[in-house]
Amino acid sequence: MTRFLAGHRPRVIIGKKIAPYVLLLPFVLVFVAFLIVPMIYAFNLSLHKTALVGGTRFVGFDNYARAFVDPNFWSGVWLLVRFGFIQMPIMLSLALAFALILDSGLVYARGLFRIAFFLPYAVPAVIATLMWGYIYGPAYGPLAQIAAFLSLPKPDFFSENAILGSIANITIWEYTGYNMIIYFAALQAIPADLEEASKMDGASAFTYAVRVKLPMIVPMIIVTIMFSIIGTLQLFSEPYLITNLARSVINSHFTPNYYAYTLAFTAQQYNYSAAISFVLGAVVAVFSYAFMLASNRGTR
Amino acid sequence: MAKDRIEARRRQGPSRRQLLQGGAALGAAAAMGGLAPQALAQEKIKLTIWAWTPKTQELANLYSKKNPNVEVVVENVGQGAPHYVKLRNAITAGTGLPDLGQIEFNSIPSFRALNALANIGKDGANSVKDAFVDWTWSAVSDGDAVYGLPWDSGPMATLYRADVYEKHGLQPAETWDDFAEQATKLAQDAPGTYLTDFANDSGWTAAVLWQAGWRPFKTEGSKIQIRINDDVAKKWANYWQKLIDAKAVDTKPGWTSEWFAAFDDGTYAAWVTAGWAPVLMQQAMKKSFGKWRAAPMPQWEKGGKVTSNWGGSTFAAFTTTPHPKEAADLAAFLTTDPEVSRKWNTEAYLFPVLKSLLADKDLMGHKYDFYGGQAVNEIFAASAAEVDPSFEFSPFQDYVNSQIEDNFAAAVSGKGTLAEAFDRIQDTVVTYAKDQGFEVT
């Protein structure tokens, strides 16, 4: 009996060892075909240079050397750093506040509010930007009309000082609900007996929320900050779509991704554009890693 | 992108009003329609066209009717910028190009630089040369080499609001000096009303500078002369800078719905614009019906007769086509056939490039109620004959356009002047040209 089993065991083990890989195969194939291969292709592009006159030649890391000192690229990064410092705290605090309120059980029709908050995320960025573009309209937009009706000066959402806030507002509108859902799910997972325990210790609902619930979802908050850092540094659609309305403040290198786009499709510098994309990837990695280090130190 | 915007507006679908019903008076054009008979394919072939204009498949089918062996398939792969991105991708890939494509006048040098355009001069294209307005032919040809056939154009003139002009005692400006004076006066008389908007559009900028005598590029093979910040440009920059500083013109971005609304409610009184604009405005305006008029483009010299062009396209054959002769013949048919070329104007609202159509009293003399019964096309047709043919676009015009718009934007929002913007554009474009392997002189 033991021999019989022993005789079969290796096959079972091999089967168990192979099965996960077989199941992973479809993902791996797609991952390789649509991420790894294009990245290798793009990296290869970034090591060459194609000129209108003279064709293509290998230039090593020349494109990277150029990117590292390109003011158009770094001005975009700096803009997004400033953008992130406005946009992320507002968006994530709003999301957190909404999640805590919905989770507190003080609200009727919780499901309805949850969907209402989440709905903007389901609206494509293109539609959202066009919609806000109309609302911001400097002469005939609804806000300008209201200001005119009240004999106030019409607000200019596309001025140099306002444009970052205007775009931040669009992205806050778009992504607050998404982050709220993540927080809400984490809050729902907190065991109910903790609430009872804190009540017995005399904690108010507010104290319970801030002192008990909040610390328990810190890992989730860290995840959302991470997502936001990555998303912010890749900002493209909103400024791109609003360009026509605010041409005097949004130029062709407004954000790094915008710059990579115009380099490739307007200036036909595909090689340099590929290099810019990789440098941006490195910048994202640096920022994310720095944040991870900081948050590890903070939570330790 | 600017191109994209121009195209988007100028081909905004059919209007309620037909430009013309009748279809007589083909006299002068009757001799044309395709190239001289030559040995074309006898077997069945298929030709593909990439274009974004309306009615294109319908009119292309007329070719198949006369040439049953040739099936013509029109594909719309995008309007303006996306169209060119796809063409460039196909050129880079070396496969997937159509036989013929819509190429705007300002993109001809860029695609020639990629060696993508077939020289159809040797396929008999020179035989239709005289049918076209001179400047359009010099834009597509290089000696006997022909890289596309002119299809539609945008000669410049002025559209203005007769009611606003009348209220403030203005007459259409004959010279740019008058224009500046009027702009200043109007801004003083009626704060909040502007004679025009300086909309930072690179296509418009090139057109009005073209009229002023700006000749920024001269390309010969891999040699290019770049004079973007020459005296003409500086004089032009100072002219507009003065008006901008005095707040005598507005500086809002063009082509937005707000911008059109400003023309509609009389906030802006005039637009120096192209031959495709009259129909566009008729479709875009809501309440200003009947209040619009057209007048010639202001001149730099009193009594001068120099105009320029903004926009317009050609049909170009690509080097990869296995049927260059047939592609050339199709292009010639689509651009010179009396019936088809007329229909481009009456059904797709393209402004003509054929001398015969511009001289056609029936077509150009059509009176528009939107323009208070004025035959506005006559103004633009007169302008078409005065376009200076010596203007050249660069072989990397998209890049130049983006630099114009970036740097003008900075100047308009108070960072430096337009004159300084021209210096910066000159520098970046020279750097770019060298980087692209050109010998810059």
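**Note on a predicted two-chain model**

1. The C-alpha centres of domain 1 of chain B and domain 2 of chain B are separated by 28 Å. The model is a predicted one, and in it the domain assignment of chain B gives domain 1 as 2–154 + 310–364, while domain 2 is given as 156–306 + 390–440. In the contact between them, 20 residues come from domain 1 of chain B and 23 residues from domain 2 of chain B.

2. The side of domain 1 of chain B that touches domain 2 of chain B can be described by its helices and by its residue classes. Both α1 (2–10) and α4 (108–113) of chain B supply at least two residues of that side, and α1(B) makes the largest share of it, with 6 residues. Sorted by class, this side of domain 1 of chain B holds 7 nonpolar, 8 polar and 5 charged residues.

3. Chain A is likewise divided into domains, namely domain 1 (2–46) and domain 2 (66–299), and the C-alpha centres of these two domains of chain A lie 37 Å apart. Their contact takes 4 residues from domain 1 of chain A and 6 residues from domain 2 of chain A. On the side of domain 1 of chain A that touches domain 2 of chain A, there are 3 nonpolar residues, 1 polar residue and no charged residues.

4. Turning to the contact between the chains, 22 residues of chain A meet 27 residues of chain B. The side of chain A that touches chain B is made up of 11 nonpolar, 9 polar and 2 charged residues.

5. The largest nonpolar core has 188 residues, and those with the most contacts inside it are A:Ala99, A:Tyr183, A:Ile276, B:Leu100, B:Ala317, B:Leu330 and B:Ala331. Helix α3 (residues 71–103) of chain A contributes the most to this core, giving 12 residues.

6. One of those core residues, A:Ile276, can be followed through its contacts, which, when neighbours within four places in sequence are left aside, are with A:Ala67, A:Phe73, A:Pro256, A:Tyr259, A:Ala260 and A:Leu263. Helix α12 (residues 256–265) of chain A is mostly covered, with 8 of its 10 residues buried. The buried residues of α12(A) include A:Pro256, A:Tyr259, A:Ala260 and A:Leu263, and also A:Asn257, A:Tyr258, A:Thr262 and A:Ala264.

7. Helix α3(A) also packs with helix α10 (residues 218–233) of chain A, at an angle of about 145 degrees and with their axes 10 Å apart, and the crossing of α3(A) past α10(A) is right-handed. From α3(A), the residues A:Leu80, A:Phe83, A:Gly84, A:Gln87, A:Met88 and A:Leu92 meet A:Thr224, A:Ile225, A:Ser228, A:Ile229, A:Thr232 and A:Leu233 of α10(A). By class, this contact of α3(A) with α10(A) has 7 nonpolar and 5 polar residues, and no charged residues.

8. A:Ile167 lies in helix α7 (residues 163–188) of chain A, and A:Ile167 counts as buried because it has 24 C-beta neighbours inside 10 Å, where 20 or more are needed. Apart from neighbours within four places in sequence, A:Ile167 is in contact with A:Glu238, A:Pro239 and A:Ile242. The C-alpha atoms of A:Ile167 and A:Asp62, which are 105 residues apart along the chain, are separated by 34 Å.

9. In helix α16 (residues 376–386) of chain B, the buried residues are B:Val376, B:Asn377, B:Ile379, B:Phe380, B:Ala381, B:Ser383 and B:Ala384. The buried residues of α16(B) pack against β7 (156–161), α11 (277–284), β11 (292–296), α14 (355–358) and α15 (361–364) of chain B.

10. A:Ser151 has a positive phi of about 60 degrees although it is not a glycine, and B:Tyr349, not a glycine either, has a positive phi of about 60 degrees. A:Ser151 is found in the loop between α6 (142–149) and α7 of chain A, whereas B:Tyr349 has its place in the loop between α13 (338–348) and α14 of chain B.

Note on methods: Residues are numbered from 1 along each chain as its sequence is written. Chains are lettered from A and ligands numbered from 1 in the order in which they are written. This is a predicted model: local features need pLDDT of at least 70, side-chain atom pairs count only at pLDDT 80 or more; totals for chains, interfaces and linings use all residues. Domain bounds come from an automatic or database domain assignment. Two residues are in contact if their C-beta atoms, placed from the backbone, lie within 7 Å. Helices (H or I, at least four residues) and strands (E, at least two) are DSSP runs, numbered from the N terminus. Ala, Val, Leu, Ile, Met, Phe, Trp, Tyr, Cys and Pro count as nonpolar, Asp, Glu, Lys and Arg as charged, and the others, Gly among them, as polar. A residue is buried if 20 or more other C-beta atoms lie within 10 Å of its own, exposed if 12 or fewer, and partly exposed in between; C-beta atoms are placed from the backbone. A nonpolar core is a set of buried Ala, Val, Leu, Ile, Met, Phe, Trp, Tyr and Cys residues joined through C-beta atoms within 7 Å. Axes are lines fitted to C-alpha atoms, for helices over the stretch in contact, and angles run from 0 to 180 degrees between N-to-C directions. A crossing is left-handed if the near helix is turned anticlockwise from the far one by less than a right angle, and right-handed if clockwise.
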